[in-house]
Amino acid sequence: MAIILGLESSCDETAAAIVRSDRTILAHALAGQEDHHRAFGGVVPEIAARAHAELMTPLVQAALTDAGMTLDDIDAIAATAGPGLIGGVMVGLVTAKALAMATDKPLIAVNHLEGHALSPRLVDPDLEFPYLLLLVSGGHCQLLRVNGVGDYDRLATTIDDAVGEAFDKTAKILGLGFPGGPAVERAAAHGDAAAVPLPRPLKGADEPHFSFAGLKSAVLRAHETGKYRVEDIAASFQQAVVDCLLDRLTYSVDRMEPLPALVVAGGVAANGAIRTTLADFAAAQGMRFVAPPLWLCTDNGAMIAWAGAERFAAGLTDGLDFVARPRWPLDPNAAPARGAGVKA
Ligand code: KG4
Ligand code: ZN
């Protein structure tokens with residue numbers, strides 16, 4: 001059995017975890033940076049990179065201590081090598097390279113999105129390839145067919161904002177604070193989802209993609225009228241997101257060969273309303289529904305260590321010359337979506 005150390009630093013969580021190939025999580029240490037970024041209402045890349053540099057080594061030490069291990073016990077060192085805020089990615093990747101070089105152990109450069117994509121398999125030994133994955137995070141909104149490790153077909157993506165970005169911007173507009181997703185969900189719990197008329201971008205469109213930018217602008221306009229309670233706007237926004245996700249998912253599922261399982265991953269997968277809706281949809285389709293526990297949805301080291309374990313088992317390791325990638329699509333062959341920029 002292989003023991004993998006995994007480092008994550010692509011956004012605003014610094015994390016180190018140790019995972020064994022039999023799915024035992026031996027340690028996972030994580031430090032959020034909310035306090036560093038709150039005053040700015042969003043993640044400031046340079047501040048994030050500095051915080052990662054300060055926190056990473058102590059977190060690796062903490063993970064080793066928690067697991068009762070030394071670096072000698074580790075078989076390979078995995079780190080997020082992109083996509084993400086490049087300063088932060090470089091901190092984690094350089095740390096992993098230094099550890100790999102000093103201990104003469106293999107390096108595994110992990111695509112952060114593959115970390116999210118494979119995370120459900122860490123907690124569900126019965127989840128086999130292929131599966132349908134809705135990947136919803138701060139930077140992405142994609143529907144993927146996961147064929148195997150390193151093998152993805154992108155079926156749909158957002159043509160503008162990521163879904164987590166829409167949550168974060170809505171929180172900012174409504175003055176709900178940072179990070180936005182959980183704050184919007186909390187406010188929505190006390191609101192009326194039918195109170196504020198909001199659009200459902202691309203609902204019913206004859207294409208598979210997602211769009212959220214118009215929704216965010218509509219939230220701003222609704223808020224500026226002064227007519228609505230913040231809780232009602234939050235609830236109406238969350239309902240609009242749920243409706244869009246469901247409509248777009250239905251479009252693709254109706255047109256593809258059936259898959260046994262629907263899986264949701266990424267930070268937005270922590271949202272209760274989205275989880276419930278997807279679970280009901282999967283049940284109606286006769287698909288299994290798999291969602292990682294909340295702590296494994298948002299960025300963490302265990303998902304990177306696990307993706308590292310899966311890659312290690314497949315014989316995939318990387319050279320110390322691996323260069324950090326600010327953009328790194330899971331499916332490099334996917335055609336760009338209409339209207340989309342160069343987002344992965
Ligand atoms: O996967 P993640 O931790 O980082 C990225 O790789 O982007 O996702 C972070 C995103 C943020 O936009 C955050 O607001 C959102 O996930 N998020 C949520 C919830 N918890 C986190 N969105 C909606 N509801 C939540 N409960
Ligand atoms: Zn993420």
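Guide: A residue is taken to be near a molecule or strand if one of its heavy atoms lies within 4 Å of it. On that basis 19 residues surround ligand 1, and the closest are Gly 138, Asp 168, Gly 181, Glu 185 and Asp 299. The model is a predicted one, in which local features need pLDDT of at least 70 and side-chain atom pairs count only at pLDDT 80 or more, whereas totals for chains, interfaces and linings use all residues. Residues are numbered from 1 along each chain as its sequence is written, chains are lettered from A and ligands numbered from 1 in the order in which they are written, and side-chain values use heavy atoms, with hydrogens and water left out.

Several polar contacts reach the ligand. A polar contact is a pair of N or O atoms within 3.5 Å; within protein, one must be able to donate a hydrogen and the other to accept it, and residues adjacent in sequence count only if both atoms are side-chain atoms. Asp 168 places a polar side-chain atom 2.6 Å from an oxygen atom of ligand 1. Gly 138 uses its backbone instead, with an N or O atom 2.7 Å from an oxygen atom of the ligand. A nitrogen atom of ligand 1 lies 3.1 Å from a polar side-chain atom of Asn 271.

The domains come next. By an automatic or database domain assignment, the chain is divided into domain 1 (3-117 + 296-313) and domain 2 (128-293). Their C-alpha centres lie 27 Å apart. With contact meaning heavy atoms within 4.5 Å, 18 residues of domain 1 and 19 residues of domain 2 take part. Buried area is the accessible area (1.4 Å probe) that two parts lose on being put together, summed over both; here it is about 1,500 Å², with 67% on carbon and sulfur atoms. On the side of domain 1, Leu 113, Ala 117 and Cys 297 lose the most area to domain 2, together 37% of what that side buries.

Helices (H or I, at least four residues) and strands (E, at least two) are DSSP runs, numbered from the N terminus. The elements giving two or more residues to the domain 1 side are α1 (34-37), α4 (112-123), α10 (294-297) and α11 (301-313). Of these, α4 gives the most, with four residues.

Two cis peptide bonds may also be noted. One runs from Phe 129 to Pro 130, with omega near -5°, and Pro 130 is found in the loop between α4 and β6 (131-136). Another joins Phe 178 and Pro 179, with omega about -5°; Pro 179 is found in the loop between α5 (163-173) and α6 (180-188).
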